[in-house]
Amino acid sequence: MNIPNITFSHDKNNKAEFEIIELSSLYKRTTLSHSPEAPHRISFFMIIHIERGEGKHMVDFEEYPFSAGSMIFVQREQVHAFDLSSKPQGKVLLFTQTFLDRVHINMRLPNYTPTHLNHQHTPLLMLDLQNNQRSHTLINEMIAESKLSNSDPLIIMYLFSALALLLHRLRPELRHDKLSTEQSKKLARFFSLMQEHFQQIRDANWYANQINTTYKTLNQVCKVATGLTAKQMIDAFVVIEIKRRLIIYNTASQQIAYDFGFEDASNFVKYFKKQTSLTPAQFQKHYIKTAL
């Protein structure tokens, strides 16, 4: 199976870095180049607000049951798949890192840190009646503003910031927003380097040297941002990538061992089992069985 990489359509959105679409449009569109229900990787951020319907949304090979009032958070570079079998109703907010950077310049906004690497954190949030209604109102106000001929991007940013802060308050386990500007830059640089070199390098000291900091400092930044050490972040990122290759590409262990610089397939299997408690073959079997 080939996994498509979905990028943000800037031309379609008049160079804006933000869009809201109806969830129903995904099962009504006939021009999509990929199936929304098949695994695909996104290069932007996504928040899905479920208004009606139920199902299971897949994020990095874990399925999360949703129903009316659910919020689902998908970070950039994550692989996910919609469940449209019950024809759920709701809104999908799409936005880029550039949009977030602009919002940060103009107002207060929680940092979008890679907490998805910590398996104890869930992308699913179930809203109570009051917060569901408030979220619904803010999203609809963003839609209304975007449709005006004299629409003001700053108003949309303020509304988005209000929604982000409201949702952030409801997720106290993710309140890792005490990073200084300098720490945020270090984290962003570390994550960028990790995305570039994860197949060859799993040494946290090497990454610390690349961003001109110490191993201890990098660890402190990572713990504040994600609850994980730098090495745990690296291992979590590597394991997610390996899982994608096992399931989506059905890559053999021998090939993965070679691609990721392990001495041999046996060492790769030991590493994967240490991180997941399953061998690669057991993981493949478990996921296929779960998907069925």
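**A tour of the aromatic pairs and one buried serine**

Select Phe 268 and Phe 272: both are buried, meaning under 20% relative accessible area with a 1.4 Å probe, protein chains only. This is a predicted model, in which local features need pLDDT of at least 70, side-chain atom pairs count only at pLDDT 80 or more, and totals for chains, interfaces and linings use all residues. Residues are numbered from 1 along each chain as its sequence is written, and side-chain values use heavy atoms, with hydrogens and water left out.

Phe 268 and Phe 272 are four residues apart in helix 9 (residues 265-276), so about one helical turn separates them. Helices here are DSSP runs of H or I, at least four residues, numbered from the N terminus.

Phe 272 and Phe 283 form an edge-to-face aromatic pair, 5.9 Å centre to centre with 65° between the planes. Rings of Phe, Tyr and Trp (its six-membered ring) pair if their centres lie within 6.5 Å, and planes over 60 degrees apart count as edge-to-face. This pair links distant parts of the chain, since Phe 283 is in helix 10 (residues 280-291), 11 residues from Phe 272.

Next, select Ser 135 in helix 2 (residues 129-146). Ser 135 is buried, with a relative accessible area of 0%. A polar atom of the Ser 135 side chain lies 2.8 Å from the backbone oxygen of Asn 131. Leaving out residues up to four places away in sequence, Ser 135 touches Met 71, Leu 127, Leu 163, Leu 166 and Leu 167 (heavy atoms within 4.5 Å).

Technical notes: Helix = DSSP H or I, 4+ residues; strand = E, 2+ residues; numbered from the N terminus. Buried < 20%, exposed > 50% of the residue type's maximum accessible area, 1.4 Å probe, protein only. Polar contact = N/O pair within 3.5 Å; in protein donor to acceptor, adjacent residues only side chain to side chain. Phe/Tyr/Trp six-rings, centres within 6.5 Å; stacked < 30°, edge-to-face > 60°.
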